[in-house]
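I open this notebook to record what I looked up in the structure shown below. The entries follow the order in which I consulted it.

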Amino acid sequence: MFCFQCEQTAGGTGCQGRAGVCGKKANTATLQDELTGALIGLARTAMNSTPTAETHKTVIEGLFTTITNVSFDDEAIECQIAKTEAAKQAMAPQCSSCASKCVRNDNYDMQNLWTDNEDIRSLKSLILFGIRGMAAYAYHALVLGYTDDEVNLFFYKALAAIGEELDADTLLALVMETGNVNLKCMELLDRANTETYGTPEPTKVTMNIEAGPFIVVSGHDLYDLHLLLEQTKGKGINIYTHGEMLPAHAYPALKAYPHLKGNFGTAWQNQQKEFDGLPAPVLFTTNCLMPVKQSYSDRIFTTEVVAYPEMVHIDEDKDFTPVINKALELGGYRELHPMTGINGGDTLTTGFARGTVLSVADKVIDAVKAGAIKHFFLVGGCDGARPGRNYYTDFVKQTPKDTIILTLACGKYRFNDLDLGEIGGLPRIMDMGQCNDAYSAIQVAIALAGAFECGVNELPLTLVLSWYEQKAVCILLSLLALGIKNIYLGPTLPAFVSPNILNVLVEKFGISPISTPEADLKKILG
Ligand code: SF4
Ligand code: SF3
């Protein structure tokens with residue numbers, strides 16, 4: 001196997017041998033490569049044909065399946081490969097019986113990519129991992145009935161390009177196009193979420209778990225949470241969010257359910273410890289699922305493209321009865337079960353998406369003009385297990401009192417239980433939502449730049465990002481495509497960015513690897 005798509009990749013270079021650091025086995029990695037190769041074959045066919053809504057869905061699901069910590073299940077991946085082949089055959093029925101070797105519709109051997117010249121491999125990896133992340137967002141929008149043909153058709157263009165011999169300049173342009181199209185995709189998902197569930201409102205969320213049966217819901221999919229809330233209505237079962245599902249509490253149509261009670265635990269990488277002995281089932285709707293420990297293996301349920309061998313998978317009919325029955329059988333805690341975040345706080349506040357922040361834009365602008373707010377930091381991105389990630393906790397703790405911290409995605413669990421006080425009635429830490437709500441942050445930055453009649457890069461705003469998986473890749477590409485400069489990136493730089501490509505990113509965009517909170521703050525504010 002060879003895989004270097006996430007931040008924790010072995011030795012900072014690539015997972016090889018029998019399994020990856022994430023627990024993905026060699027055979028699973030090979031099947032994921034086969035699936036990607038089949039998707040490239042499908043894309044080649046689609047470029048000369050007319051893909052349907054069903055074809056788009058197959059591509060979106062296939063790409064989403066290969067994101068880190070999504071599918072550990074060989075059978076499920078084999079099924080996805082068969083689906084991809086069937087979609088290709090539907091577009092080019094005569095092809096499967098043709099023996100001549102033309103590359104027009106052929107599947108691609110991913111070994112060609114992994115062994116390519118390192119700069120070409122680097123650029124194609126940025127595109128591939130970027131569209132994997134984007135596919136997850138397209139999926140969440142699609143289940144709510146929102147789809148965009150520019151986004152859908154770009155998947156084919158990008159996949160087909162990975163299978164072609166292209167020069168670095170052409171690929172670099174496609175990397176930027178990936179960022180631009182992902183921005184469209186995040187806008188689509190923002191529209192899907194807010195038109196379906198309302199504009200997020202600032203909401204305090206408890207980390208304490210009440211006595212009685214409950215279900216923990218993890219991942220990013222609001223639609224799954226909504227269906228589960230409906231199916232558990234009046235059954236005496238409480239629902240707790242986990243990880244990236246926390247911002248769901250802020251959506252009016254979801255917070256209206258009285259049994260949506262609070263948030264269980266902290267970021268994804270602590271699940272093996274936090275789920276140990278849990279008297280409740282956990283439903284995974286997206287990444288990040290870790291290898292399941294024996295002590296809670298009877299309580300993990302998956303849905304969508306998430307899959308793990310021997311765990312119950314809830315199919316497209318979305319009948320959550322097995323999860324509900326498990327919750328009733330386990331019964332939950334006997335009495336109130338207090339839990340805290342990593343800094344000891346027991347409440348989290350979320351819901352500062354663009355709607356809320358822009359509604360107080362005048363207040364924010366006045367506070368900047370009066371000198372009460374000197375700087376904004378966007379400290380966001382993924383969390384992960386590496387020790388260096390306490391940088392983000394220390395960074396936030398050390399930010400001066402006249403600065404505001406906007407945050408999003410699961411990296412916020414490093415500091416979202418801290419109370420850093422307020423400036424003029426605004427909390428100093430504002431959680432804008434999930435990783436895809438980077439769209440909200442971008443809208444706020446653009447609005448502020450408009451109000452101050454300057455460019456986004458001239459604002460007193462610094463982005464301090466943490467990355468782990470492929471959604472962070474597409475978001476980073478969107479920020480670069482918008483021309484946003486001087487981003488701080490950590491905890492380590494991606495293994496798939498070659499030294500030459502890194503030079504391009506540093507020269508064009510001023511990307512800096514994080515150093516220490518003290519030194520970086522001095523550089524930013526100095
Ligand atoms: Fe390694 Fe990350 Fe790939 Fe898993 S997803 S095999 S940890 S690089
Ligand atoms: Fe987190 Fe897994 Fe990336 Fe959506 S949930 S940000 S790591």
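I take helices (H or I, at least four residues) and strands (E, at least two) as DSSP runs, numbered from the N terminus. I work on a predicted model in which local features need pLDDT of at least 70, side-chain atom pairs count only at pLDDT 80 or more, and totals for chains, interfaces and linings use all residues. Residues are numbered from 1 along each chain as its sequence is written, chains are lettered from A and ligands numbered from 1 in the order in which they are written, and side-chain values use heavy atoms, with hydrogens and water left out.

I located Cys3 in strand β1 (residues 2-3) and Cys6 in the loop between β1 and β2 (15-16).

I then checked burial (buried is under 20% relative accessible area, exposed over 50%, partly exposed in between, with a 1.4 Å probe and protein chains only). Cys3 counts as buried at 15% relative accessibility, and Cys6 counts as buried at 8%. Contact means heavy atoms within 4.5 Å. Beyond four places in sequence, Cys6 is in contact with Thr68, Trp467, Tyr468 and Gln470.

The unreviewed UniProt entry gives Cys382 as "modified residue: Cysteine persulfide". I placed Cys382 in the loop between β11 (375-381) and α14 (390-398). Cys382 counts as buried because its relative accessibility is 5%. Its contacts beyond four places in sequence include Arg389, Cys410, Trp467 and Tyr468.

Entry on the domains. By an automatic or database domain assignment, the chain is divided into domain 1 (2-196), domain 2 (203-330) and domain 3 (351-525). The contact between domain 2 and domain 3 takes 20 residues from domain 2 and 19 residues from domain 3. I noted that domain 2 and domain 3 bury about 1300 Å² between them, 57% of it on carbon and sulfur atoms; buried area is the accessible area (1.4 Å probe) that two parts lose on being put together, summed over both. Glu244, Trp268 and Gln269 supply 38% of the area that domain 2 buries against domain 3, more than any other three residues.

Technical notes: UniProt positions renumbered as here; feature names shortened; annotations may be inferred.
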